[in-house]
Amino acid sequence: MSQLKSVQEKLRLVRVLRLLKKTYTYEELSKITGLPITVLNRYVRGKVLPSAERTKELLELLLPYINIEEEVRKRIKFDEYGFFDNMPVLSDTSLMSLIAEEVAGRYMDKNVDKVLTAATDGIALGVHVARELNVDVVYAKKKKEVGVEKFYEVSYVPSASGSVTTLYLPQWALRKGENVLIVDDVIRSGETQRALLEMCRQAGAKPVGMFFLISVGDVIDHLKEEYSIPVESLIRLE
C-alpha cells in the first residue's frame, strides 16, 4: 500500500469513528474494539493516527456497524405538513465523506472527468464526490457571474413555481467529450436535472450517470427511461 493510500485509510477510520460516536458512547466503542477509551478519544479527535495494521483491523470491525442509508434517514427532519429538511445530512461531513466513497465506487469505472450539480444545495455532495473521484466539480447558478463572458444557458418552468427559471454555467466548465456525473441532494420533478443534461448536450459532453441523496416518487425511473444512463438515489421517499 502506498503512503498516500495508507494515510487515506487512516483518515477514513477517523471519519467512521466520528460518525459512530454520534450513536455510541466511548464505553460502547471500547467494548466493540477492545481499545481503551483514551486511545479512541485520541483517534476521534485526530490527535493520533493508528498504524496501518490497526486501521485495517478497526475498519473491518466497525464498518458493519454503519448503515449509510439508515444514517441518512434518521437525520432527515419532517414537519407537520410532510416537508423535510436534509441539512442535518449535508452538514455532517463525516457522513457525507462516507456517502461520497460509496458513490465514487459505483462510478469509478465510468472514467468521470467532471462532477456537475446545481447551486446551492447540490454543492456539498458534488464537492465530496468529486474529491473521491479526484476530478473537478462545476455547478450551474441562477445568475450570471461578472467576469464570465460565455455561458451555457437553459431555461425551464418548475412545476412548483410556475415562473421561468434559468440556469447558467460558464462554458469553460464543460468541454466536448468529457464524461460527466450529475449529482444533487434531492430530486423531485427532475426539471433541474434535465436542465443540467441539456447543458451537457450543449457542451458536447457525455453524461455517464446521475446520483441523488434523496429522490421523491418515481422520477428517477422516468429519467432512466428517457436518457438510458444509470440514475440512482441513496434513499427514495414516496
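Select residues 17–62 to begin: this span is 72% helix and 0% strand, and its end C-alpha atoms are 8 Å apart. Helices here are DSSP runs of H or I with at least four residues, strands are runs of E with at least two, and both are numbered from the N terminus. UniProt places the feature "domain: HTH cro/C1-type" at these residues, 17–62, in an unreviewed entry. UniProt positions are given in the numbering used here, feature names are shortened, and annotations may be inferred rather than shown by experiment.

The model is predicted: local features need pLDDT of at least 70 and side-chain atom pairs count only at pLDDT 80 or more, whereas totals for chains, interfaces and linings use all residues. Residues are numbered from 1 along each chain as its sequence is written, and side-chain values use heavy atoms, with hydrogens and water left out.

**The whole chain**

Along its principal axes the C-alpha trace spans about 60 × 45 × 35 Å. Of the 238 residues, 47% count as buried; buried means under 20% relative accessible area, exposed over 50%, and partly exposed in between, with a 1.4 Å probe and protein chains only.

**Tyr24 and Tyr65**

Next, display the side chains of Tyr24 and Tyr65. Rings of Phe, Tyr and Trp (its six-membered ring) pair if their centres lie within 6.5 Å; planes under 30 degrees apart count as stacked, over 60 as edge-to-face and the rest as tilted. By this rule the chain has three aromatic pairs. Tyr24 and Tyr65 form an edge-to-face pair, 6.0 Å centre to centre with 85° between the planes. The pair links distant parts of the chain, 41 residues apart: Tyr24 is in the loop between H1 and helix H2 (26–33), and Tyr65 is in the loop between helix H4 (52–62) and helix H5 (68–75). Tyr24 counts as partly exposed because its relative accessibility is 23%. Tyr65 is also partly exposed, with a relative accessible area of 38%.

**The second largest pocket**

On a 1 Å grid over the protein atoms alone, a pocket is an open set of points where a 1.4 Å probe fits, with protein on both sides within 12 Å along at least five of seven lines; lining residues have an atom within 4 Å of a point. Grid points are joined across faces, edges and corners, and a volume is the space filled by probe spheres set on the points.

Colour helix H1 (3–21), helix H7 (93–107) and helix H8 (122–133), each of which supplies at least two lining residues. H1 gives the largest share, six residues. The lining divides into three nonpolar, three polar and seven charged residues. Here Ala, Val, Leu, Ile, Met, Phe, Trp, Tyr, Cys and Pro count as nonpolar, Asp, Glu, Lys and Arg as charged, and the others, Gly among them, as polar. Domain 1 (3–66) and domain 2 (74–236) each contribute at least three residues to this lining; the domain bounds come from an automatic or database domain assignment.

**Residues 104–215**

Move on to residues 104–215, where UniProt places the feature "domain: Phosphoribosyltransferase", again in an unreviewed entry. The span is 26% helix and 37% strand, and its end C-alpha atoms lie 19 Å apart.

Centre the view on Asp184, Val186, Arg188, Thr192 and Gln193. The largest pocket holds about 500 Å³ of space, and these are the closest to its centre of its 23 lining residues. Strand S7 (179–187) and helix H9 (191–203) are the elements that give two or more residues to the lining, with S7 providing the largest share, four residues. Nine of the lining residues are nonpolar, eight polar and six charged.

**Loop stops**

- Gly177 lies in the loop between strand S6 (165–170) and S7. Its C-alpha atom is separated by 6.0 Å from that of Gly204, 27 residues apart along the chain.
- The peptide bond from Ala119 to Thr120 is cis, with omega near 10°. Thr120 is in the loop between strand S3 (114–118) and H8.
- Asn111, in the loop between H7 and S3, has a positive phi of about 50° although it is not a glycine.
- Ser228 is in the loop between helix H10 (219–227) and strand S9 (231–237). Phi of Ser228 is also positive, near 55°, and Ser228 counts as exposed at 65% relative accessibility.
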